[in-house]
Amino acid sequence: MATAPSLITEEGLRVYLNAHSVEYTDVKLLTGGTANYVYRVTLTDGPPVIYKHAAPYLSSNTSFAFDHARMDYEDSALEILTHMLAEALPESNVHAVGWYSYDREQKLLCIEDGGDRDLKHAYPDYKLDILEIGKDIGEWIATLHLTSTRTSLSLTDEQDLKANNPIAVNIYRHSYHNLHLAFSEYNHDVKFAEYINEEFGSRLQAENECVCHGDFWPGNVLVKPKDRETSATLTVVDWEMTRRGNSATDVGQFACEAFLLDRFRGGRGLRRAFLSSYVDVRERKAIKGKSEIGREWVRRMAVHWAVHVAYWPTRVEWTDREGTQKLVDLGVEVMKAAVDGNWEALKSSELFKDVAEVWSGVWERI
């Protein structure tokens, strides 16, 4: 029996493609990611496609073990969700990346090529209507959350709503587990960080409202401007951290990254447009109160936003030391307001700034 080719090099993927009679003219390893080996393959007949291979370690650090079953979950999520979301929002500018094929044994996924530029890097482009983009993304992720409450992520039983992606659940708690490091470095109470991890980080194990993308931020939204228009086609990628969880975590993560872009890359209103659109969809589509956003959802979203803003800028550079201190301070303030139920302080915080009118129904219920 022939030895399977190594898929961690361009030559290895060429051997694989040749063995599977895939006709192509070029294979290029893409850079920028940390987890997987991602290639753009130019086909002889047709548009280019992306091949994504998961090894049992990080592509950026081969000594760091990382369960390659993560690609099974991305495959499963895309097979289920791509069509479901397209049916729910047929006219949307946003879509989940298209699925073409999956070799489970080789952990090799073939998907649509959404382009080279993600929203984080496209944000300063003034030819793009960032407010429209934020609105479209808010509507799309709200629709994912509302339509997937009965969608299983089990790899063996499509009726099992309790099964989850354990890899994603564990990885997603990283910022909670390590929040104490940011608190210690920037002179805040480490015990409060530990409390946040114990009280809110622990919930990731049990939260089971709907399907969450699991790594929902502008870096995982690819942007292709439409011809002669300010709007764009938006492709949501990197679904390997998909899990069943609390919709508030997707919203908190994206809103935080949007806030950072607004604060440091031009103040174009992405956070405001995203949050306003999201809550508008959730409020309009609420059925007998079941889908309404209430007190605990707002608390959960605010805490997640605050953990993200207090931790990740200490690891990913956005500003200088003084600026980072202000971000950590802000995160601590919002965490304390959420924990204490100080809703007036939350309403006036950077998280909810300029969205009070759209969120009025939420605040009235709280």
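Predicted model: local features only at pLDDT ≥ 70, side-chain atom pairs only at ≥ 80, totals over all residues.
Biologist: Which residues is Val 298 in contact with, leaving aside its neighbours within four places in sequence?

Modeller: Val 298 is in contact with Ile 293, Trp 343, Phe 352, Trp 359, Val 362, Trp 363 and Ile 366. One of these, Val 362, is 64 residues away from Val 298 along the chain, and the C-alpha atoms of the two are separated by 8.6 Å.

Biologist: And Arg 300, buried or exposed?

Modeller: Arg 300, which is also found in helix α11, counts as buried, since its relative accessibility is 1%. Not counting residues up to four places away in sequence, Arg 300 touches Tyr 176, Phe 200, Arg 203, Leu 204, Glu 207, Asn 246, Ala 248 and Thr 249.

Biologist: Let's switch to the strands. What is the strand order in the open sheet?

Modeller: The open sheet has 5 strands in the order β1-β2-β3-β8-β7, and their pairing is antiparallel. The edge strands, each of which pairs on one side only, are β1, covering residues 24–29, and β7, covering residues 99–103. On average, and ignoring direction, neighbouring strands of this sheet are turned by 20 degrees against each other.

Biologist: How many bridges join β1 to β2?

Modeller: There are 5 bridges joining β1 to β2, and in β2 the residue Thr 42 is the bridge partner of Asp 26. The pairing of β2 with β3 is antiparallel as well and runs over 5 bridges, with Lys 52 in β3 as the bridge partner of Val 38.

Biologist: What sits between β2 and β3?

Modeller: These two strands form a hairpin with 5 residues between them, and in the turn Gly 46 has a positive phi of about 125 degrees.

Biologist: What about Lys 107, where is its place?

Modeller: Lys 107 is in the loop between β7 and β8, and its phi is positive, near 55 degrees, although Lys 107 is a residue other than glycine. Lys 107 is buried, because its relative accessible area is 10%.

Biologist: And Asn 187, buried or exposed?

Modeller: Asn 187 is exposed, since its relative accessible area is 67% and the cut-off for exposed is over 50%. Asn 187 is found in the loop between α7 and α8, and it too has a positive phi, of about 65 degrees, without being a glycine.

Biologist: Back to the sheet for a moment. Which strands does helix α1 lie across?

Modeller: Helix α1, made of residues 10–19, lies across β1, β2, β3, β7 and β8, and runs at about 145 degrees to β1. Helix α2, with residues 70–88, also packs on the sheet, where it touches β3, β7 and β8, and its direction makes about 145 degrees with that of β7.

Biologist: Now for helices on helices: at what angle do α4 and α10 cross?

Modeller: The axes of α4, residues 130–147, and α10, residues 270–284, cross at roughly 35 degrees and come within 7 Å, and the crossing is right-handed. Among the residues that meet there are Ile 130, Ile 137 and Ile 141 from α4, with Leu 270, Phe 274 and Val 281 from α10. By class, this contact has 11 nonpolar, 4 polar and 4 charged residues.

Biologist: Which residues of α12 are buried, for instance?

Modeller: The buried residues of α12 include Gly 323, Leu 327, Val 334 and Ala 338. What covers the buried residues of α12 includes α7, α8, α9, α11 and α13.

Definitions and conventions
Residues numbered from 1 in each chain as written. Heavy atoms only, no water. Pairing = 2+ DSSP bridges. Helix = DSSP H or I, 4+ residues; strand = E, 2+ residues; numbered from the N terminus. Axes fitted to C-alpha atoms, helices over the stretch in contact; angles between N-to-C directions. Contact = heavy atoms within 4.5 Å. Left-handed = near helix turned anticlockwise from the far one by under 90°. Nonpolar A, V, L, I, M, F, W, Y, C, P; charged D, E, K, R; others polar. Buried < 20%, exposed > 50% of the residue type's maximum accessible area, 1.4 Å probe, protein only.
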